[in-house]
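Hi everyone, thanks for coming along. Let me put the structure up on the screen so that we can walk through it together.

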Amino acid sequence: MSITSAQRRTALQIRIALLVLAIGLPLGYVTLQRFVPSVDRPSATVTAGQRLILPSITAPTDSNYAFVRTQPNSAEPVAFDPCRPIHYVVRPGGAPPGGMDLLHTAINNVSAATGLQFVDDGVTDEAPSELRPNYQPDHYGDRWAPVLISWSTPEEYGGLAGQVIGLTGSEPVTTDDGQLALVSGHVTLDAEQTNDLLTKTLLNGRSVVIATITHELGHLVGLAHVNDLNQLMYPTARPTTFTFGSGDLTGLAALGSGRCFDEL
Ligand SMILES: [Zn+2]
(Lines give C-alpha, C1' and ligand atoms only; values in the text may rest on other atoms or scores of the structure.)
Protein backbone atom coordinates (compact mmCIF):
# COMPACT_ATOMS: atom_id res chain seq x y z
CA MET A 1 0.00 0.00 0.00
CA SER A 2 1.48 3.36 -0.96
CA ILE A 3 1.53 6.35 1.40
CA THR A 4 -0.84 8.20 -0.89
CA SER A 5 -3.59 5.58 -0.68
CA ALA A 6 -3.14 5.33 3.11
CA GLN A 7 -3.63 9.09 3.37
CA ARG A 8 -6.75 8.85 1.20
CA ARG A 9 -8.16 6.16 3.46
CA THR A 10 -7.54 8.28 6.56
CA ALA A 11 -9.30 11.23 4.96
CA LEU A 12 -12.26 9.03 4.07
CA GLN A 13 -12.54 7.74 7.62
CA ILE A 14 -12.63 11.25 8.99
CA ARG A 15 -15.38 12.23 6.57
CA ILE A 16 -17.44 9.22 7.66
CA ALA A 17 -16.87 10.08 11.31
CA LEU A 18 -18.02 13.66 10.73
CA LEU A 19 -21.11 12.41 8.93
CA VAL A 20 -22.01 10.14 11.84
CA LEU A 21 -21.48 13.02 14.24
CA ALA A 22 -23.68 15.29 12.15
CA ILE A 23 -26.47 12.72 12.05
CA GLY A 24 -26.04 11.79 15.68
CA LEU A 25 -26.24 15.30 17.11
CA PRO A 26 -29.90 16.12 16.48
CA LEU A 27 -30.99 12.71 17.77
CA GLY A 28 -29.01 13.17 20.95
CA TYR A 29 -30.41 16.64 21.35
CA VAL A 30 -34.00 15.49 21.09
CA THR A 31 -33.39 12.75 23.63
CA LEU A 32 -31.80 15.21 26.02
CA GLN A 33 -34.68 17.65 25.61
CA ARG A 34 -37.16 15.04 26.72
CA PHE A 35 -35.61 14.70 30.16
CA VAL A 36 -35.27 18.34 31.19
CA PRO A 37 -38.27 18.84 33.49
CA SER A 38 -38.46 22.63 33.32
CA VAL A 39 -38.74 22.48 29.52
CA ASP A 40 -40.47 19.17 29.31
CA ARG A 41 -43.61 19.65 31.36
CA PRO A 42 -46.86 21.54 31.19
CA SER A 43 -47.78 23.76 34.11
CA ALA A 44 -51.40 22.67 34.19
CA THR A 45 -52.49 20.17 36.82
CA VAL A 46 -55.69 18.31 37.52
CA THR A 47 -57.60 19.80 40.43
CA ALA A 48 -59.59 17.71 42.85
CA GLY A 49 -62.86 18.71 41.19
CA GLN A 50 -61.67 17.39 37.83
CA ARG A 51 -60.71 14.00 39.14
CA LEU A 52 -62.44 10.98 37.75
CA ILE A 53 -64.43 8.62 39.90
CA LEU A 54 -62.86 5.25 39.20
CA PRO A 55 -65.17 2.44 38.18
CA SER A 56 -64.78 -0.87 39.93
CA ILE A 57 -63.34 -3.52 37.61
CA THR A 58 -63.95 -7.17 38.37
CA ALA A 59 -61.06 -9.14 36.92
CA PRO A 60 -60.05 -12.79 36.97
CA THR A 61 -56.87 -13.89 38.71
CA ASP A 62 -54.47 -15.23 36.11
CA SER A 63 -50.71 -14.74 36.18
CA ASN A 64 -50.33 -14.83 32.37
CA TYR A 65 -49.59 -11.14 31.98
CA ALA A 66 -46.55 -8.88 32.08
CA PHE A 67 -46.00 -5.17 32.48
CA VAL A 68 -43.89 -3.08 30.12
CA ARG A 69 -42.26 -1.37 33.10
CA THR A 70 -42.43 -1.55 36.87
CA GLN A 71 -41.71 1.16 39.41
CA PRO A 72 -38.07 1.68 40.47
CA ASN A 73 -38.52 0.15 43.94
CA SER A 74 -41.49 -2.16 43.60
CA ALA A 75 -43.31 -4.59 41.33
CA GLU A 76 -46.13 -2.07 40.81
CA PRO A 77 -46.65 -1.30 37.14
CA VAL A 78 -45.91 2.01 35.46
CA ALA A 79 -49.31 3.25 34.33
CA PHE A 80 -51.39 6.24 33.36
CA ASP A 81 -52.87 8.24 36.20
CA PRO A 82 -56.36 6.69 36.45
CA CYS A 83 -57.82 9.88 37.97
CA ARG A 84 -57.60 11.77 34.69
CA PRO A 85 -58.73 10.78 31.20
CA ILE A 86 -56.31 9.73 28.49
CA HIS A 87 -56.66 12.25 25.67
CA TYR A 88 -55.94 11.10 22.14
CA VAL A 89 -55.79 12.54 18.64
CA VAL A 90 -55.99 10.69 15.34
CA ARG A 91 -54.14 11.38 12.13
CA PRO A 92 -56.80 10.11 9.73
CA GLY A 93 -54.76 9.86 6.50
CA GLY A 94 -54.49 6.26 5.28
CA ALA A 95 -57.19 5.01 7.65
CA PRO A 96 -59.28 2.12 6.33
CA PRO A 97 -62.99 2.64 5.67
CA GLY A 98 -64.73 2.86 9.04
CA GLY A 99 -61.37 3.35 10.71
CA MET A 100 -62.77 5.46 13.55
CA ASP A 101 -65.36 2.80 14.36
CA LEU A 102 -62.60 0.19 14.54
CA LEU A 103 -60.58 2.46 16.76
CA HIS A 104 -63.46 3.26 19.09
CA THR A 105 -64.29 -0.43 19.46
CA ALA A 106 -60.69 -1.14 20.48
CA ILE A 107 -60.63 1.81 22.87
CA ASN A 108 -63.86 0.63 24.48
CA ASN A 109 -62.28 -2.81 24.97
CA VAL A 110 -59.36 -1.30 26.88
CA SER A 111 -61.52 1.13 28.80
CA ALA A 112 -63.83 -1.67 29.94
CA ALA A 113 -60.88 -3.80 31.08
CA THR A 114 -59.01 -1.03 32.90
CA GLY A 115 -61.61 1.54 33.92
CA LEU A 116 -59.41 4.17 32.25
CA GLN A 117 -61.37 6.88 30.46
CA PHE A 118 -60.41 8.03 26.96
CA VAL A 119 -61.27 11.40 25.41
CA ASP A 120 -61.23 12.00 21.64
CA ASP A 121 -59.52 15.35 20.95
CA GLY A 122 -60.12 15.16 17.20
CA VAL A 123 -57.71 14.98 14.31
CA THR A 124 -54.10 16.08 13.96
CA ASP A 125 -51.51 16.44 11.23
CA GLU A 126 -48.69 15.28 13.51
CA ALA A 127 -46.57 12.51 12.00
CA PRO A 128 -45.56 9.51 14.14
CA SER A 129 -42.03 9.49 15.49
CA GLU A 130 -40.06 7.16 17.72
CA LEU A 131 -38.71 10.20 19.58
CA ARG A 132 -42.10 11.82 20.07
CA PRO A 133 -41.95 14.28 22.99
CA ASN A 134 -44.59 14.00 25.71
CA TYR A 135 -44.93 17.77 25.80
CA GLN A 136 -45.50 19.73 22.58
CA PRO A 137 -46.83 23.15 23.57
CA ASP A 138 -46.63 24.52 20.01
CA HIS A 139 -48.89 21.76 18.80
CA TYR A 140 -51.19 21.04 21.74
CA GLY A 141 -50.83 23.91 24.22
CA ASP A 142 -49.86 23.82 27.86
CA ARG A 143 -50.70 20.21 28.65
CA TRP A 144 -49.28 16.77 27.98
CA ALA A 145 -49.51 15.93 24.29
CA PRO A 146 -52.48 13.67 23.64
CA VAL A 147 -51.76 10.10 22.58
CA LEU A 148 -51.19 10.04 18.81
CA ILE A 149 -52.93 7.32 16.82
CA SER A 150 -52.02 7.16 13.15
CA TRP A 151 -52.07 4.97 10.10
CA SER A 152 -48.66 5.02 8.50
CA THR A 153 -46.27 3.26 6.12
CA PRO A 154 -42.90 1.56 6.51
CA GLU A 155 -41.46 4.42 4.45
CA GLU A 156 -42.61 6.97 7.02
CA TYR A 157 -42.16 4.82 10.10
CA GLY A 158 -39.43 2.24 9.63
CA GLY A 159 -40.58 0.00 12.47
CA LEU A 160 -43.58 -1.06 10.36
CA ALA A 161 -41.37 -2.84 7.82
CA GLY A 162 -42.13 -6.49 7.10
CA GLN A 163 -45.04 -8.20 8.84
CA VAL A 164 -45.41 -5.64 11.62
CA ILE A 165 -49.00 -4.30 11.67
CA GLY A 166 -48.72 -1.96 14.63
CA LEU A 167 -46.21 -0.37 16.97
CA THR A 168 -46.74 1.46 20.22
CA GLY A 169 -44.44 3.66 22.23
CA SER A 170 -44.63 5.59 25.46
CA GLU A 171 -42.05 7.25 27.66
CA PRO A 172 -42.87 7.66 31.36
CA VAL A 173 -42.16 10.82 33.31
CA THR A 174 -40.78 10.97 36.84
CA THR A 175 -43.09 12.23 39.58
CA ASP A 176 -42.11 14.33 42.59
CA ASP A 177 -41.45 11.25 44.71
CA GLY A 178 -39.41 9.39 42.10
CA GLN A 179 -42.21 7.21 40.76
CA LEU A 180 -42.86 6.78 37.05
CA ALA A 181 -46.12 7.59 35.29
CA LEU A 182 -47.35 7.48 31.71
CA VAL A 183 -48.70 10.74 30.32
CA SER A 184 -48.78 10.21 26.55
CA GLY A 185 -47.65 7.86 23.79
CA HIS A 186 -48.34 6.80 20.26
CA VAL A 187 -49.99 3.91 18.44
CA THR A 188 -48.87 3.57 14.84
CA LEU A 189 -50.71 1.19 12.52
CA ASP A 190 -49.71 -0.08 9.09
CA ALA A 191 -52.24 1.48 6.70
CA GLU A 192 -51.76 -0.96 3.83
CA GLN A 193 -51.89 -4.08 5.97
CA THR A 194 -54.99 -3.00 7.90
CA ASN A 195 -56.78 -2.01 4.68
CA ASP A 196 -55.83 -5.37 3.16
CA LEU A 197 -56.94 -7.37 6.20
CA LEU A 198 -60.38 -5.75 6.14
CA THR A 199 -61.03 -7.24 2.69
CA LYS A 200 -60.33 -10.78 3.93
CA THR A 201 -63.74 -11.62 5.32
CA LEU A 202 -63.10 -15.38 5.28
CA LEU A 203 -60.13 -14.82 7.60
CA ASN A 204 -62.17 -12.64 9.98
CA GLY A 205 -60.13 -9.67 8.78
CA ARG A 206 -62.21 -7.05 10.57
CA SER A 207 -61.92 -8.90 13.89
CA VAL A 208 -58.16 -9.28 13.39
CA VAL A 209 -57.80 -5.54 12.82
CA ILE A 210 -59.81 -4.68 15.93
CA ALA A 211 -57.79 -7.25 17.89
CA THR A 212 -54.57 -5.70 16.58
CA ILE A 213 -55.55 -2.19 17.62
CA THR A 214 -56.75 -3.50 20.99
CA HIS A 215 -53.39 -5.29 21.43
CA GLU A 216 -51.51 -2.07 20.66
CA LEU A 217 -53.64 -0.10 23.11
CA GLY A 218 -52.84 -2.80 25.67
CA HIS A 219 -49.17 -1.87 25.19
CA LEU A 220 -50.04 1.81 25.43
CA VAL A 221 -51.50 1.42 28.92
CA GLY A 222 -48.59 -0.76 30.07
CA LEU A 223 -49.03 -4.43 29.12
CA ALA A 224 -46.10 -6.33 27.61
CA HIS A 225 -46.11 -9.51 25.52
CA VAL A 226 -46.63 -12.96 27.02
CA ASN A 227 -46.03 -16.38 25.49
CA ASP A 228 -49.49 -17.76 26.30
CA LEU A 229 -51.43 -18.31 23.05
CA ASN A 230 -54.72 -17.60 24.83
CA GLN A 231 -53.82 -14.00 25.62
CA LEU A 232 -54.29 -11.13 23.23
CA MET A 233 -50.85 -9.90 24.31
CA TYR A 234 -49.26 -12.86 22.52
CA PRO A 235 -46.81 -11.17 20.13
CA THR A 236 -48.38 -12.44 16.90
CA ALA A 237 -51.92 -11.85 15.64
CA ARG A 238 -53.89 -15.09 15.58
CA PRO A 239 -57.06 -15.84 13.60
CA THR A 240 -58.77 -17.25 16.70
CA THR A 241 -57.89 -14.78 19.47
CA PHE A 242 -59.86 -11.56 19.19
CA THR A 243 -60.46 -10.50 22.77
CA PHE A 244 -58.46 -10.13 25.94
CA GLY A 245 -57.72 -13.38 27.78
CA SER A 246 -57.96 -13.84 31.52
CA GLY A 247 -54.28 -12.99 32.05
CA ASP A 248 -54.61 -9.82 29.97
CA LEU A 249 -57.64 -8.82 32.04
CA THR A 250 -55.81 -9.36 35.34
CA GLY A 251 -52.94 -7.14 34.19
CA LEU A 252 -55.21 -4.48 32.72
CA ALA A 253 -57.25 -4.20 35.92
CA ALA A 254 -54.01 -3.55 37.82
CA LEU A 255 -52.95 -0.95 35.25
CA GLY A 256 -56.25 0.88 35.72
CA SER A 257 -56.04 1.04 39.48
CA GLY A 258 -52.68 2.68 39.97
CA ARG A 259 -51.85 5.83 41.87
CA CYS A 260 -53.19 9.26 41.05
CA PHE A 261 -50.58 12.00 40.68
CA ASP A 262 -51.65 15.54 41.51
CA GLU A 263 -48.41 17.09 40.33
CA LEU A 264 -48.50 15.88 36.74
ZN1 LIG B 1 -47.30 -6.30 20.64
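First, some housekeeping. This is a predicted model, so please keep in mind that local features need pLDDT of at least 70, side-chain atom pairs count only at pLDDT 80 or more, and totals for chains, interfaces and linings use all residues. Residues are numbered from 1 along each chain as its sequence is written. When I say helix or strand, I mean a DSSP run, H or I of at least four residues for helices and E of at least two for strands, numbered from the N terminus.

Look at strand 4 now: 4 bridges join strand 4 to strand 7, residues 186-190, and the two run antiparallel. Glycine 166 sits opposite leucine 189 of strand 7.

Now the helices. Contact means that the C-beta atoms of two residues, placed from the backbone, lie within 7 Å.

How many of the 16 residues of helix 6 are buried? The count is 12 of 16, so to speak mostly covered. Buried means 20 or more other C-beta atoms within 10 Å of a residue's own, exposed means 12 or fewer, and partly exposed is in between, with C-beta atoms placed from the backbone. The cover over those buried residues includes helix 3, strand 3, strand 4, strand 7, helix 5 and helix 7.

Helix 7, residues 246-255, has 7 of its 10 residues buried, so it is largely enclosed by the rest of the structure. Its cover includes helix 3 (99-114) and helix 6.

That brings us to the core. A nonpolar core here is a set of buried Ala, Val, Leu, Ile, Met, Phe, Trp, Tyr and Cys residues joined through C-beta atoms within 7 Å. The largest one has 49 residues, and Ala106, Ile213, Leu217 and Val221 have the most contacts inside it. Helix 6 gives the largest share, 7 residues. Isoleucine 213 touches Leu102, Leu103, Ala106, Gly166 and Leu189, leaving out residues up to four places away in sequence.

Finally, two loop residues. Proline 82, between helix 2 (37-40) and strand 1 (86-91), counts as buried because it has 23 C-beta neighbours inside 10 Å. Its C-alpha is 8.5 Å from that of leucine 255, although proline 82 and leucine 255 are 173 residues apart in sequence. Asparagine 204, in the loop between helix 5 (191-198) and helix 6 (205-220), has a positive phi of about 55° although it is not a glycine. With 15 C-beta neighbours inside 10 Å, asparagine 204 counts as partly exposed.

Definitions and conventions
Pairing = 2+ DSSP bridges.
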